[in-house]
Amino acid sequence: MPPAQDVKTSKAAIPGQKDYLRRGTGAYRRASFALFLSGFSTFSLLYCVQPLLPVFSREFSVSPAESSLSLSLSTGFLAIAIVCAAAVSEGLGRRSLMSISLVGAAVLTIATAFAPNWHLLLVIRALQGLVLGGVPAVAMAYLAEEVDPRGLGATMGLYVGGTAFGGMSGRVLTGIFAEYFSWRPALFLIGAIGLAAAIGFIALLPPSRNFLRRPGLDPRFHARAWLGHLRNPALPFIFAIAFLAMGSFVTIYNYAGFRLVAPPYGLNQTELGLIFTVYLFGIGAASIGGLLGDRIGHFPVLLFGLALTAAGSALTLFAPLPSIILGITVLTTGFFMSHSIASGLVGKLALGNKGHASSIYMLAYYVGSSLIGSAGGWFFAVEGWTAVVFFTLAMLALAFMSACVAQHFARRKP
């Protein structure tokens, strides 16, 4: 028997009819807040190690690039898991898979606090990425299937806002906890907060109304679904944006900490963690970007967001600390506006099998985080911060061109 929460009888059982969650209803509000919690939990657990990279480098005697593996391995395995998660969710159900993933990832974060050595810590972080793969693409598919298309942009913006709030909270709280209690209690506390958010998600998310369960695992069906989306002329360029923009964003965040804890800045863990409060601008940008996209068009907002991301990256070239913080703020605002729009475009441009389209988007998103984020460490080690910034600007220029090409093909879409 499939999980009861994913097979609720509704009008969606009649072919051609959809029983959407509509803005203003209680179910819509519960779903929106539940997905906000899922984004919060996922990204607080995933990125809580980022402010600890300089600490790991000192404690375990590893290089900055090696310390970034504690994040890159998680995002890399998450990218792999996302592809599998899309297929698994077709049989298990969106809600069930997300619930299992959130609880499992929180428990693994708590386990990370007890890792006795560097290699075991990396193993746990890799497993955590594998478990978290059940959330991002499936959450996007749930929203695309269950929410009235007229309000999808705003709801997707709220979900992305939850990811921004989680990314901020994981970084800021970990930095503060590490300053006062050391990194192990910090990770334990972040895991406990993630577990509480997972319980709230399970309690609030309404059952799927439009999901049609596919029993068994048919590799040919999934292969056809993924290939079908890659043949869509516009979607591959949206996937490229996810790869390039996310990789650039993570690169700046990965190595800014190394720059700021060194002279002449000499920030401590609390001060470094507090810089990540600029994620609040990402929360607002994601929601505003989604609303603007619904009203004035998604591609103009996407192009503006990418340009803003590049401007923020360039601002960090200046030496004064306020300029660096302003640059990170602008970068964060532009990135979350872009991500909110691009992720919403996947659901709009995909012709059926939206979970598969979302899984490719998130695959590109996290492969970019893993590969480009780690590659940035080589630029930092060889040529310093200036090389890191020019590397990210080159990636963002390619993302901007991809958005222009995607817009061209989307206009030709019947």
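Which helix gives the largest share of the nonpolar patch? H6 does, with four residues.

## Basis

This is a predicted model, in which local features need pLDDT of at least 70, side-chain atom pairs count only at pLDDT 80 or more, and totals for chains, interfaces and linings use all residues. Residues are numbered from 1 along each chain as its sequence is written, and side-chain values use heavy atoms, without hydrogens and water.

## Surface patch

Phe77, Ile80, Leu120, Val123, Leu127 and Leu130 make up the nonpolar patch on the surface. Together they have about 490 Å² of accessible area (Shrake-Rupley, 1.4 Å probe, only the protein chains shown count as cover). Patch residues have over 30% relative accessible area and no salt bridge, with nonpolar side chains joined within 5 Å. A salt bridge here is a Lys or Arg side-chain nitrogen within 4 Å of an Asp or Glu carboxyl oxygen.

Helices H4 (69-92) and H6 (118-132) each give two or more residues to the patch. Helices are DSSP runs (H or I, at least four residues), numbered from the N terminus. Leu120 sits in H6. Its relative accessible area is 36%, so Leu120 is partly exposed (between buried, under 20%, and exposed, over 50%; 1.4 Å probe, protein chains only).

## Core

The largest nonpolar core has 123 residues. Such a core joins buried Ala, Val, Leu, Ile, Met, Phe, Trp, Tyr and Cys through side-chain atoms within 4.5 Å. Helix H11 (residues 235-261) gives the most, 16 residues. Among the residues with the most contacts inside the core are Phe56, Ile238 and Tyr366.

Beyond four places in sequence, Tyr366 touches residues including Phe43, Leu46 and Tyr47 (heavy atoms within 4.5 Å).

## Helix H1

H1 covers residues 26-47. Of its 22 residues, 18 are buried.

Terms used:
The expected span of a helix is 1.5 Å times one less than its number of residues. Patches are made of residues with over 30% relative accessible area and no salt bridge: like charges are joined within 9 Å, nonpolar side chains (Val, Leu, Ile, Met, Phe, Trp, Tyr) within 5 Å.
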